Amino acid sequence: MALAQRLDTQPEIGEFLRDVLEGLSGQQKTLPCKYLYDETGSRLFEQICELDDYYLTRTEATILEENLGEMATCIGPEALIVEPGAGNCEKIQPLLEELESPSGYMPIDISPEILLAARDAIKERLPQIQVHATVGDFTQHSAWRALENNGGDKRVIFFPGSTIGNFNPEQARALLRNFSSHLEAGDGLLIGTDLVKDSVILERAYCDSKHITEAFNKNLLVRINGELAGDFDTGLFAHRAFYHPLRQRVEMHLVSLKDQAVHIAGETIRFKEGETIHTENSHKYSLEDFHNLLAETGYTPQKHWRDGQRHYAIHYARVS
Ligand code: AVJ
């Protein structure tokens with residue numbers, strides 16, 4: 001379909017185009033990481049989660065599995081579990097099984113298809129749990145409206161996957177404050193964070209030997225070509241991921257391998273050899289950093305659990 005026609009029939013293309021042109025017009029070119037997750041990107045991310053090099057997903061699953069009892073004790077009986085960006089709702093299920101008479105589970109996600117499929121799966125596996133699936137963007141106020149008429153139940157927000165790492169410290173502060181603003185004193189937050197560690201381990205996780213992360217990163221260019229009439233030659237860009245110890249984050253970039261011009265929706269974008277598009281940040285926290293962040297945003301850290309190698313942490317904090 002021609003771009004003009006697509007802009008008429010799919011208004012979200014307009015937003016994508018605006019974000020892309022804006023991101024590529026700055027001194028340091030950037031693209032918002034949320035666009036990594038179209039259907040292909042989400043499938044590639046699932047493959048990343050299975051890689052030996054990408055320790056995050058399996059380490060978090062192990063920590064959850066090994067500490068379900070203690071986590072359930074922290075959460076207590078009759079809690080409503082709210083999961084922003086829940087996706088396929090798989091991570092929560094062992095914990096839902098462990099909890100004492102939970103009052104319900106409220107997954108929030110922008111994808112209605114994924115959410116409704118997940119709701120049906122939970123109804124099958126855990127028929128006693130009331131599922132309140134909510135379609136919406138959890139960074140927007142409207143997605144949380146369903147919580148307002150949820151009576152006096154204790155609420156606990158579940159935010160796994162080191163998703164908080166995608167936000168820079170300022171945005172992370174705003175997000176955690178926003179979460180606590182939807183909760184009351186005594187409610188809780190159960191959140192997973194990747195820990196600061198040896199840069200070789202970190203870089204291997206984001207520059208894996210099977211090149212899946214490379215495909216995941218370059219899929220952004222493929223998307224722009226397909227959806228915005230772009231002409232990126234993905235062979236003329238290289239995937240690069242490195243740990244920046246001062247910023248405490250892994251940065252993902254696409255490096256232009258030569259001086260070149262690319263066209264997107266009729267606009268020309270010029271690249272110098274070696275110039276990069278910054279596509280994602282993945283912030284790493286020490287326990288102390290994260291506890292400070294929690295304390296600054298309305299929580300009292302209560303307990304945390306780590307794996308034996310101390311690669312990853314899950315924290316339980318109470319809203320103060
Ligand atoms: C889904 C944001 C947690 O930052 O580790 C994985 C995304 N990017 N490999 C992460 C990602 C490259 C992932 N998060």
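Which residue forms a salt bridge with K91? In this predicted model, the partner is E60, and the closest N and O atoms of the two are 3.4 Å apart. K91 sits in the loop between β2 (79-84) and α6 (93-98), while E60 belongs to helix α4 (residues 55-66), so their pairing ties together parts that are 31 residues apart in sequence.

Let's move on to helix α6 itself. Here E97 forms a salt bridge with R125, with 2.8 Å between the closest N and O atoms. Because E97 lies in helix α6 and R125 in helix α7 (residues 112-125), this pair ties together parts that are 28 residues apart in sequence. E97 counts as partly exposed, with a relative accessibility of 45%, and R125 is partly exposed too, with a relative accessible area of 42%.

Next, turn to R249 and E251, whose side chains meet in a salt bridge of 2.9 Å, N to O. R249 is buried, its relative accessible area being 12%. E251 likewise counts as buried, at 3% relative accessibility. Salt bridges can also share partners, and in this way D38, R223 and E227 are joined into one network.

Note on methods:
Residues are numbered from 1 along each chain as its sequence is written. This is a predicted model: local features need pLDDT of at least 70, side-chain atom pairs count only at pLDDT 80 or more; totals for chains, interfaces and linings use all residues. Side-chain values use heavy atoms; hydrogens and water are left out. A salt bridge is a side-chain nitrogen of Lys or Arg within 4 Å of a carboxyl oxygen of Asp or Glu. Helices (H or I, at least four residues) and strands (E, at least two) are DSSP runs, numbered from the N terminus. Buried means under 20% relative accessible area, exposed over 50%, partly exposed in between (1.4 Å probe, protein chains only).
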